[in-house]
Amino acid sequence: MSAVPVTIGTRMPPPAVSADAPASGALLDTHGRVHRDLRISLTDRCSLRCTYCMPEQGNEWLAKTSILTLDEIERVARIAAAAGVTTFRLTGGEPLLRTDIVEIVRRLARIEGPEGHPEIAMTTNGIRLPEVLPDLIDAGLSRVNISLDTVQRERFRELTRRDRLDDVLAGIAAVQASPLRPLKINAVAMRGVNDDELVDLVEFAVAHDAQMRFIEQMPLDAGHTWDRASMVTRDEILTALGERWSLAPVPGRGGAPAERWMLDGGEHTVGVIASVTAPFCGDCDRLRLTADGQLRNCLFSTTEYDLLPILRADAPGSLSERGETKRDTDLDAMLRSCVRGKLPGHAINDPSFLQPARGMNAIGG
Ligand code: SAM
Ligand code: SF4
């Protein structure tokens with residue numbers, strides 16, 4: 001019997017997965033894409049309330065009891081690494097809000113797959129970095145992306161509904177002073193909000209030895225207020241930057257979401273993640289694990305594969321060794337089923353497109 005996906009909004013009984021499903025080979029989908037990148041959302045909670053991601057109030061939080069524990073995260077990550085995943089990206093919500101974040105990084109960094117230890121990266125708003133960065137590096141963190149949509153204080157407060165620009169800047173300074181490179185700074189470009197600041201943001205990034213990356217706003221806000229007309233497109237971003245620098249494409253993008261350009265032929269680059277106007281689904285190698293144990297094969301998927309019934313079938317330690325092996329086999333089968341179920345593309349541009357029920361903070365960006 002094959003694994004049973006869960007449609008968002010409904011809770012299905014524990015999935016029936018075969019204990020003897022083949023557990024070998026790469027995570028290859030039916031469109032020829034091999035999956036090597038697992039985005040692990042650690043929480044849906046956050047210290048900010050960015051308008052394009054979360055509502056100001058009234059968010060429906062995930063139940064605390066459904067949030068994956070350190071052991072559960074490690075277990076899924078180990079199965080994924082054995083199946084060829086080579087990068088774990090920790091995200092959320094705000095991943096640094098997890099009090100066990102250093103231990104999570106330490107455990108994941110110790111995992112060994114067929115190609116060695118996976119790389120551990122993190123996407124964060126940066127607010128707790130000054131406090132925890134040395135321990136994270138010691139635990140095995142190798143790369144950080146920090147989100148910063150504006151360097152103007154009042155604008156930051158309006159956009160994130162919190163007056164914490166100084167804390168984010170301190171987080172960026174902490175990474176700049178550390179050996180972690182490349183440091184990437186992500187901004188969602190928004191019309192009438194920060195589209196007059198694109199050049200300033202690139203200059204800020206260059207001054208902080210970071211790569212600036214602009215993201216097209218996607219229909220993933222918890223309030224479902226996304227509107228195509230107000231979206232700033234890749235072409236508009238390039239036009240604005242082209243007035244200040246000559247932009248030469250950097251070849252060799254591979255499966256990376258960002259297209260990159262060299263600024264004035266020099267060492268600095270800028271990236272654009274054009275998920276809406278220039279989707280890169282054909283090269284997508286990413287899977288997502290939500291903080292409450294749902295596997296997703298796409299940001300925009302409306303189907304989830306529930307790992308909780310497998311992870312929690314019996315209290316940890318109460319199963320025989322054979323039982324634990326079966327648990328791992330079932331997790332592997334679910335992972336493969338999720339990959340096989342992946343569609344060729346996200347269809348945002350199709351009139352029948354349906355925004356996922358979860359906001360970005362509950363999926364993991
Ligand atoms: N809290 C961390 C942060 O902000 O970096 C990690 C989680 S956040 C959901 C991950 C990334 O998703 C951020 O770079 C954020 O800007 C981006 N993001 C959130 N909502 C988005 C949307 N509707 N469209 C495009 N990007 C979005
Ligand atoms: Fe929090 Fe990141 Fe979402 Fe902003 S984008 S509200 S920092 S999870």
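This is a predicted model: local features need pLDDT of at least 70, side-chain atom pairs count only at pLDDT 80 or more; totals for chains, interfaces and linings use all residues.

Backbone atoms take part in several polar contacts here. A polar backbone atom of Tyr-52 is 3.0 Å from a nitrogen atom of ligand 1, and a nitrogen atom of the ligand also lies 3.0 Å from a backbone N or O atom of Gly-93. With Thr-124, the ligand takes part through an oxygen atom, 3.2 Å from a backbone N or O atom of that residue.

Is Thr-124 buried or exposed? Its relative accessible area is 2%, so Thr-124 is buried, given that the cut-off for buried is under 20%. Leaving out residues up to four places away in sequence, Thr-124 touches Glu-94, Pro-95, Leu-96, Leu-129, Val-144, Asn-145, Ile-146 and Ser-147.

Now turn to ligand 2. Around it you will find Cys-46, Leu-48, Cys-50, Tyr-52, Cys-53, Met-54, Gly-93 and Asn-125. This shell divides into 6 nonpolar residues and 2 polar ones, with no charged residue.

Gly-93 has something else to show. Where does Gly-93 sit? Its place is the loop between β3 (87-91) and α2 (101-110). The peptide bond that joins Gly-92 and Gly-93 is cis, with omega at about 25°. Most peptide bonds are trans, and most residues other than glycine have a negative phi. A cis bond also joins Arg-181 and Pro-182, where omega is about -5°. You can find Pro-182 in the loop between α5 (165-176) and β6 (183-189).

Positive phi values deserve a stop as well. Arg-161 is not a glycine, yet its phi is positive, at about 60°. This residue lies in the loop between α4 (153-160) and α5 and is partly exposed, with a relative accessible area of 24%. Asp-264 also has a positive phi, near 50°. Its loop runs between β9 (259-263) and β10 (269-273), and Asp-264 is partly exposed, with a relative accessible area of 47%.

From here, let us move to the inside of the protein. In soluble globular proteins, nonpolar side chains tend to be buried together. In this model, the largest nonpolar core has 102 residues. Which of them have the most contacts inside the core? They are Phe-88, Leu-90, Leu-108, Leu-136 and Phe-214. Helix α1, residues 70-82, gives the most to this core, with 7 residues. Take Phe-214 as an example: leaving aside neighbours within four places in sequence, its contacts include Ala-187, Leu-198, Leu-201, Ile-237, Val-270 and Ile-273.

What about aromatic rings? The count comes to 1 aromatic pair. Its members are Phe-300 and Phe-353, whose ring centres are 5.8 Å apart and whose planes are at 70°, so the pair is edge-to-face. Phe-300 lies in the loop between β12 (294-296) and β13 (303-306), while Phe-353 lies in the loop between α9 (321-340) and α10 (360-363), so the pair ties together parts that are 53 residues apart in sequence. Phe-300 is buried at a relative accessible area of 7%, and Phe-353 is buried at 19%.

Leu-68 is placed in the loop between β2 (37-41) and α1, and its 2% relative accessibility makes it buried. Beyond its close sequence neighbours, its contacts include Ile-73, Arg-98, Leu-289, Leu-308 and Arg-312. Ala-274, in the loop between β10 and β11 (286-289), counts as buried at 1% relative accessibility. Its C-alpha atom is 7.3 Å from that of Thr-233, although the two residues are 41 apart in sequence. Not counting residues up to four places away, Ala-274 touches Glu-216, Arg-234, Pro-279 and Phe-280.

Note on methods:
Residues are numbered from 1 along each chain as its sequence is written. Chains are lettered from A and ligands numbered from 1 in the order in which they are written. Side-chain values use heavy atoms; hydrogens and water are left out. A residue is near a molecule or strand if one of its heavy atoms lies within 4 Å of it. Ala, Val, Leu, Ile, Met, Phe, Trp, Tyr, Cys and Pro count as nonpolar, Asp, Glu, Lys and Arg as charged, and the others, Gly among them, as polar. A nonpolar core is a set of buried Ala, Val, Leu, Ile, Met, Phe, Trp, Tyr and Cys residues joined through side-chain atoms within 4.5 Å. Buried means under 20% relative accessible area, exposed over 50%, partly exposed in between (1.4 Å probe, protein chains only). Helices (H or I, at least four residues) and strands (E, at least two) are DSSP runs, numbered from the N terminus. Contact means heavy atoms within 4.5 Å. Rings of Phe, Tyr and Trp (its six-membered ring) pair if their centres lie within 6.5 Å; planes under 30 degrees apart count as stacked, over 60 as edge-to-face and the rest as tilted. A polar contact is a pair of N or O atoms within 3.5 Å; within protein, one must be able to donate a hydrogen and the other to accept it, and residues adjacent in sequence count only if both atoms are side-chain atoms.
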